[in-house]
Amino acid sequence: MTQGWSELIGQSSVRAGFQAAISQRRLGGSYLFIGPPGTGKHTVVQLLAKTLLCRLSDPQEMTPCGHCEACQQVVAGSHPDILRVQKPKDKTVIPVASFIGEPDNRMREGFCHDLRIRPLMGGWKVGVIDDADCLNEEGANCLLKTLEEPPSKTVVILIGTSEQRQLPTIRSRCQTVRLGPLSRDDSCKLLRDVHGVQQGDEILHEAVQISGGDIHAAVRLLEGESGAVRDGLLKLLQDRAPNPVEIAKFFNQQVSEVGKDASKRRAMLRDLFSISVQHFRQRMRSEVFAGRLQHVTGNRLDRSLRAIRELDRSANQATLIECFASDIASGETGDRGEIG
Ligand SMILES: [Zn+2]
């Protein structure tokens, strides 16, 4: 468990930014944290909360003790002055009621209301909105006033994975803090020390690369959590003439099995494309080794990498799957340029 800022892996500029803001007493009221999963967004929120709420250490010192009641409550998620909004598992967006209360109790409960109540412990209040990717216009509108004029000694943090998914009204009212992909050394350290994965640097780094900097996806890939899924997909990809209908069917089946949660569906797709990247990369290596490199193998590798890049921009997953399956079967890279 992270105790102090020294244990934050990478993200040194984020740490330095908050250190400067806190020591100069100019900590902002609203922040938008953006970064791939597993790069430290929640860790920074927790460290910031401990720094502000620790009973034994002045915030300006940036050295929360880690063992006072407040620090322990932060870690346990039970601190009364930390308010948290998350998307319910069975919903695709964060319900308006989470912010402004149920219809018969509007503005008398919910995140925006509770944030204005005096801190119970007499210090700071911290509001956290997880899954900011899943804010819709309606939810965002409820938040605008709170983000514009947060009460004093209050900090609101929204957590999202990509900038494109945030509404302009939200972006313009928050300071954006980017938690970029971790360096090679930092991601290896994180995978070993925090996630307990024990493989060589090369393998760890490759997993992070094909996961697009998403550390959680890299862990799933390395731990072979997707074992059965992996075997099923490999069987289809290893075929001399891959069947596009079967591939698309397999993808759709896996995606529908994880439910309606858009981020989980995207994570499943990322895993599937990552398995595909790994497969074609390995095949290319063995073809090179045997001195008979096939042109289509390189194309299929490129196509799989492209699919991962497209994942974040794509609104229509069904089309993405269909195009991928058809290109893999025909051995095309899918690079259709900007037009068409
Ligand atoms: Zn403490």
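In strand β5, glutamine 175 is the bridge partner of tyrosine 31, strands being DSSP runs of E with at least two residues and helices DSSP runs of H or I with at least four, both numbered from the N terminus. The model is a predicted one, in which local features need pLDDT of at least 70 and side-chain atom pairs count only at pLDDT 80 or more, whereas totals for chains, interfaces and linings use all residues. Residue numbers start from 1 along each chain as its sequence is written.

The pairing of tyrosine 31 with glutamine 175 belongs to a set of 4 bridges that join strand β1 (residues 30–34) to β5 in a parallel arrangement, and leucine 32 of this set has threonine 176 as its bridge partner in β5. Two strands are taken to pair if DSSP finds at least two bridges between them. With strand β4 (residues 154–160), β1 pairs in the parallel sense over 5 bridges; here tyrosine 31 stands opposite isoleucine 157, and the bridge partner of phenylalanine 33 is isoleucine 159. Strand β4 is in turn joined by 5 bridges to strand β3 (residues 125–129), again with the two strands running parallel, and isoleucine 129 stands opposite leucine 158 in β4. Taken as a whole, 5 strands form an open sheet with parallel pairing, in the order β2-β3-β4-β1-β5. The edge strands, each of which pairs on one side only, are β2 (82–85) and β5 (175–178). From one strand to the next the twist averages 20°, with axes fitted as lines to C-alpha atoms (for helices over the stretch in contact) and angles running from 0 to 180 degrees between N-to-C directions.

Burial was assigned from C-beta atoms placed from the backbone: a residue is buried if 20 or more other C-beta atoms lie within 10 Å of its own, exposed if 12 or fewer do, and partly exposed in between. On this basis 5 of the 5 residues of β1 are buried, so this strand is largely enclosed by the rest of the structure. In a regular strand the side chains alternate between the two faces of the sheet. In β1, Ser30, Leu32 and Ile34 point one way and Tyr31 and Phe33 the other way, all of them buried. Strand β4 is likewise mostly covered, with 7 of its 7 residues buried; Thr154, Val156, Leu158 and Gly160 point one way from β4, and Val155, Ile157 and Ile159 point the other way.

Leaving aside neighbours within four places in sequence, isoleucine 157 is in contact with Tyr31, Phe33, Val45 and Val128, a contact being a pair of residues whose C-beta atoms, placed from the backbone, lie within 7 Å.

Leucine 191 lies in helix α8 and counts as buried because 26 C-beta neighbours fall inside 10 Å. Not counting residues up to four places away in sequence, leucine 191 touches Val197, Leu204, Ala218 and Val219; alanine 218 is 27 residues from leucine 191 in sequence, and the two are 8.5 Å apart in space, C-alpha to C-alpha. In helix α9 (residues 201–210) the buried residues are Leu204, Ala207, Val208 and Ile210, and what covers them includes α8 (184–193), α10 (215–222) and α13 (262–289). Glycine 212, which follows α9, has a positive phi near 65°.

At the level of the chain there are 15 helices and 5 strands, and buried residues make up 36% of the 340 residues. The C-alpha trace spans about 70 × 45 × 35 Å along its principal axes. The domain assignment, whose bounds come from an automatic or database source, gives domain 1 (5–178) and domain 2 (226–330), with C-alpha centres 37 Å apart. The contact between them takes 4 residues from domain 1 and 5 residues from domain 2.

How values were computed
Contact = placed C-beta atoms within 7 Å.
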